[in-house]
Amino acid sequence: PAEARQDGLRPCKRCKPEQPGDGAIIAACRLLESAEEKIDLASLAKTAGLTPGHFQKKFRQQLGVTPAHYQAACRDAKIKAALVTGLSVTEAIYAAGYSAPSRFYTASDKRLGMTPKS
């Protein structure tokens, strides 16, 4: 964009290179991956400098899932890793960032492909 302006041109109206984009989405992914608790869409959008609707649209375009689904997948990966290391199911649930065991057990069979104890 800077070189285009020097040459007397304007930035692309389709890809909008001067607006927060890939860097903001990558930063949001890192934030979701390291979060101990669930992060709401408004907070993520605010850190990226976008409106919630626009942020979700850009996030979904780049990753193919919503921020909530991405965070759920990250938490599932954390709990799988914790269970493999030998933590008890309860310890793994809290280590993955779930606020209560009931939140995890609602669909644990679908997420893990087996019961947590197995």
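**Chat about cores, a helix and a pocket**

Colleague: Is Gln71 buried or exposed?

Modeller: Gln71 counts as buried because its relative accessibility is 3%; buried means under 20% relative accessible area, exposed over 50%, and partly exposed in between, with a 1.4 Å probe and protein chains only. Keep in mind that this is a predicted model, where local features need pLDDT of at least 70, side-chain atom pairs count only at pLDDT 80 or more, and totals for chains, interfaces and linings use all residues. Residues are numbered from 1 along each chain as its sequence is written, and side-chain values use heavy atoms, with hydrogens and water left out.

Colleague: Which helix does Gln71 lie in, and what is Gln71 in contact with?

Modeller: Gln71 lies in α5 (helices are DSSP runs of H or I, at least four residues, numbered from the N terminus). Leaving aside neighbours within four places in sequence, Gln71 is in contact (heavy atoms within 4.5 Å) with Leu32, Ala35, Glu37, Lys38 and Ile39.

Colleague: OK, cores. Which residues touch the most other members of the largest nonpolar core?

Modeller: Phe55, Phe59 and Tyr70, out of 13 residues. A nonpolar core here is a set of buried Ala, Val, Leu, Ile, Met, Phe, Trp, Tyr and Cys residues joined through side-chain atoms within 4.5 Å. Helices α2 (22-34), α3 (41-48), α4 (52-63) and α5 (67-84) each supply at least two residues of this core, and the largest share, five residues, is from α2.

Colleague: And what does Phe59 touch?

Modeller: Not counting residues up to four places away in sequence, Phe59 touches Ile25, Ala28, Cys29, Leu32, Gly64, Val65, Thr66, Pro67 and Tyr70. There's also a second, separate core of nine residues, including Val89, Ala92, Ile93 and Leu112.

Colleague: Switching to α3: which residues are buried?

Modeller: Leu44, Ala45 and Ala48. Down the axis of α3 they fall within an arc of 95°, so they line one face of the helix; the arc is that of the directions from the helix axis to the C-beta atoms. Lys46 and Thr47, on the other side of α3, are exposed. Just after α3, Gly49 has a positive phi of about 80°.

Colleague: Last one: which residues lie nearest the centre of the largest pocket?

Modeller: Lys38, Ala72, Arg75, Tyr98 and Arg103, among 14 lining residues. A pocket is an open set of points on a 1 Å grid over the protein atoms alone, where a 1.4 Å probe fits, with protein on both sides within 12 Å along at least five of seven lines, and lining residues have an atom within 4 Å of a point. Helix α5 gives the most to the lining, with six residues.
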